[in-house]
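Have a look at the model first, then follow along.

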Amino acid sequence: MISAVDLSILSFNYEARTGRQCNRHEATKLSLTSIGLVLVRFSSTAAAWLFTIISFMRHTKAWGDFILFLFSSTATASNSLRASSGSFVSHGIAEAGVVSAWYELIVIVWVKEECIKFLKNNLNRNNCFRVRKIADMHSCKELQEVSHKYILDHFDDLIAEKDLLLLSFQEIKELIKDVQHVVKPEDSAYKAAINRVKHDLERKKVHLAEFISQICLSLVSTEFLIDHIVVEPLIRQDNKCSQFLIEALNIQLTSVTDRNERYQAETQHRNESFHVFLVGGTTDYDIGQKVCKVYDISKKKQFSISSMDGGRFSNSAVSLNGVVYSVGGRDGINELSTAECYDPVDKQWKDIAPMNNSRIDFGICTSMAAKIVNQMGRISAKKCNNSDYGNIFLDGLAKMRVNQKLFDFSLDVDGELIHVHKLALAIASDYFAAMFEADMKERKEETVKLQDVDLVAVKALVDYVYSGIITLTEANVEAVLSASDLFQLVWVKEECVQFLESNLNRNNCFRLRKLADMHSCKGLQDASYKYILDHFDDLIAEEDLLLMSFEEMKKLIKDAQHFVKPSDSAYKAAINWVKHDLERRRVHLAQLMSQIRLPLVSTEFLTNHIVADPLLTEDQKCNKFLMEALTCQLTEVSQPHEKCQTGTKHRNESFHVFLVGGKRDIENANAMKECKVYNVSKEKHVSISSMNEKRYNHSAASFNGVVYSVGGWNTGALKTAECYDPVSKWWSYIAPMNSTRDSFGICTYNDLIYVVGGWDNSTVESYNPATNKWCFSQSIPAITKSVNRATVAENNIYALTHPLGGNNVFHRFDPRDEKWYNLNEMQSTSSGARKGE
């Protein structure tokens with residue numbers, strides 16, 4: 001029964017939307033389009049409520065924004081459990097809360113079934129009538145039968161219950177009739193009938209005669225008939241009831257023989273059947289039997305039933321509510337505390353909880369008082385888990401998407417809108433979860449425009465969010481990998497990596513290595529690089545190899561020889577790469593040749609190809625390498641490797657640290673142009689020629705054996721730059737930067753020198769030594785206040801900056817797509833004093 005208070009709760013959401021109140025009739029007709037339940041604590045009362053509501057929705061096909069509250073004086077929200085977990089906890093005291101979610105009706109059916117199970121297992125005198133009524137309203141035959149049987153079995157205890165007194169005339173009539181069929185005393189049937197009439201005498205007095213006609217007054221005990229029924233004014237004042245009373249008194253006064261005949265005539269419809277159960281025992285003093293039989297008194301015959309789980313004798317047995325219990329005894333060796341029961345419906349013995357102590361040859365009986373206490377005890381909690389809930393939930397989401405229901409967000413990709421549910425995206429993707437939690441304009445506008453993502457890939461990932469399935473092909477896998485990395489769909493990204501690793505070939509190995517590097521897929525990066533090394537001979541003329549940067553090419557040539565690839569192939573790859581863009585790459589020729597073990601190249605290839613190549617013969621450094629290789633080739637067979645090792649040892653053995661310019665002391669702001677070099681291997685430093693210009697707070701870098709000194713401060717910020725050639729041993733000016741800068745970061749990447757930020761400077765420039773030109777790159781996405789520092793790692797430039805009015809910020813710059821990324825903010829440890837002030 002839904003009270004006025006309950007209905008006011010049901011109408012809450014309706015009022016909020018329409019701005020007007022709704023009456024009871026309107027509240028039950030609210031349009032329901034989605035329902036989500038959080039069951040915190042759940043009693044028979046709450047189950048009945050929920051059962052009613054779910055059945056209502058199922059029969060009316062109604063949906064909606066729905067809020068249900070089940071109240072209790074002891075409600076505690078701390079035990080809440082979300083319905084999205086696929087489980088709920090039911091407790092003996094009702095308490096609950098509900099949240100809106102997107103569920104198809106099928107999601108609730110399982111909960112309804114669990115409610116029915118819970119109610120069946122927890123019937124008691126307080127809820128049996130209510131549960132039977134609800135079961136009848138919603139055509140739940142099994143629950144209806146179980147609750148009705150409970151009422152009949154406990155009828156004597158329920159005569160004065162309010163729920164019984166509120167039954168309709170037809171219901172109480174049927175109940176009085178049924179209760180006598182199960183051999184309940186007619187005294188109880190009379191008490192129920194007369195109590196029912198007196199509860200609302202003015203309206204229900206008209207039913208008295210019909211009620212009494214259903215009762216076999218002649219079978220009422222003589223004492224009760226004389227002391228109660230005969231003296232009841234309502235019976236005596238009604239003509240029909242008086243006739244029934246006279247008949248009953250007449251029968252009570254007849255002979256025993258006539259009375260028995262009348263008794264049989266009036267009770268033959270009751271179909272009573274009595275049985276004696278023969279449970280266990282022993283044919284031998286030391287061996288317990290588990291065989292059981294039943295003797296039917298009316299048919300005077302016995303038959304076997306299923307055996308107990310274990311043999312026992314000296315046990316005791318008793319019948320309670322149609323179930324036979326066998327308890328304790330001996331099994332031949334041990335005294336038992338175990339117990340089991342036999343249910344005539346499923347015809348099987350089942351173990352029940354054991355006694356606290358073992359016992360034999362003991363008495364046993366049933367107690368109505370004990371039974372009532374047990375019934376009135378607190379209903380224990382039951383946690384129900386729907387193992388198939390995940391699939392049901394996904395199916396429900398997919399159906400909502402197909403039927404275009406409750407979309408609340410859109411993805412704008414290349415002008416095409418993809419309609420979705422925020423909840424679905426937030427559950428599947430940390431990227432979208434963070435977007436919806438943050439106060440971003442996309443959250444308010446309920447749409448987001450996605451840049452630099454493939455439309456087909458985004459659609460495939462949205463399909464995955466709603467189904468858990470994604471189809472990867474050669475055509476879409478790279479785009480799906482990029483998009484899944486952006487959306488932080490880890491499982492999809494891993495599947496893409498596995499797919500690509502299994503399908504590496506000469507046409508995609510270089511591209512996949514670059515893709516893996518961009519998206520931090522170390523496994524794919526290693527696999528693709530290994531493929532390149534394993535198939536190096538076949539890839540020498542590939543365009544992707546010719547488009548590699550100098551640093552990448554240098555590393556590849558070195559690694560290819562470590563993997564025991566012929567030095568002939570390393571040379572071919574290096575010379576092809578240089579000739580592909582000769583004007584810009586000629587400067588790298590000597591350094592690439594220094595990485596190749598020319599003395600180990602085959603004699604024929606050395607003399608017919610390498611020595612004949614004018615690029616090498618015209619270069620002074622390369623000439624030295626050729627002479628060394630030819631000398632090794634002319635020595636005895638036992639010496640070439642040794643000479644090769646001796647001749648090439650000097651190439652990488654010497655390291656120097658250049659000390660370029662600066663200030664003479666911290667207090668003095670006078671700039672210097674003197675320079676020194678520290679020889680690491682000899683542990684000593686020597687002076688070299690001075691720079692053309694004094695400077696401090698500048699930056700220096702080494703590139704292809706040449707030292708570059710850029711920018712700085714000397715009475716003002718500088719944009720000039722110069723370089724030191726170790727061969728000529730002189731400093732020379734190069735093209736100046738486009739912007740003055742000091743206290744900035746500097747690094748080299750892919751044949752270019754990058755200068756990053758500076759004091760009050762957020763610009764970035766790159767210098768190409770081959771063309772002697774500076775070009776602007778994408779600026780740092782922050783206004784810097786003080787110093788910047790930069791370094792290169794894994795094809796990215798990392799810069800630490802101090803923005804105006806904030807903490808130090810760590811940025812990453814990808815030169816390949818000219819984009820900066822904010823990594824994180826760090827607490828500033830220094831205010832960064834300006835120019836020694």
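**Exercise 1.** Work out where Asn-772 sits and how open it is.

Solution. Start with the place: Asn-772 belongs to the loop that links strand S26 (761–768) and strand S27 (773–777); strands here are DSSP E runs of at least two residues and helices H or I runs of at least four, numbered from the N terminus. Next, the backbone: its phi is near 55°, positive even though the residue is not glycine. Last, Asn-772 has 36% relative accessibility, so it counts as partly exposed (buried is under 20%, exposed over 50%, partly exposed in between, with a 1.4 Å probe and protein chains only).

Before going on: this is a predicted model, where local features need pLDDT of at least 70, side-chain atom pairs need 80 or more, and totals for chains, interfaces and linings use all residues. Residues count from 1 along each chain as its sequence is written, and side-chain values use heavy atoms, without hydrogens and water.

**Exercise 2.** Which residues of H24 meet H25?

Solution. Val-477, Glu-478, Val-480, Leu-481, Ser-484 and Asp-485 do, against Val-492, Lys-493, Cys-496, Val-497, Phe-499 and Leu-500 in H25 (contact means heavy atoms within 4.5 Å).
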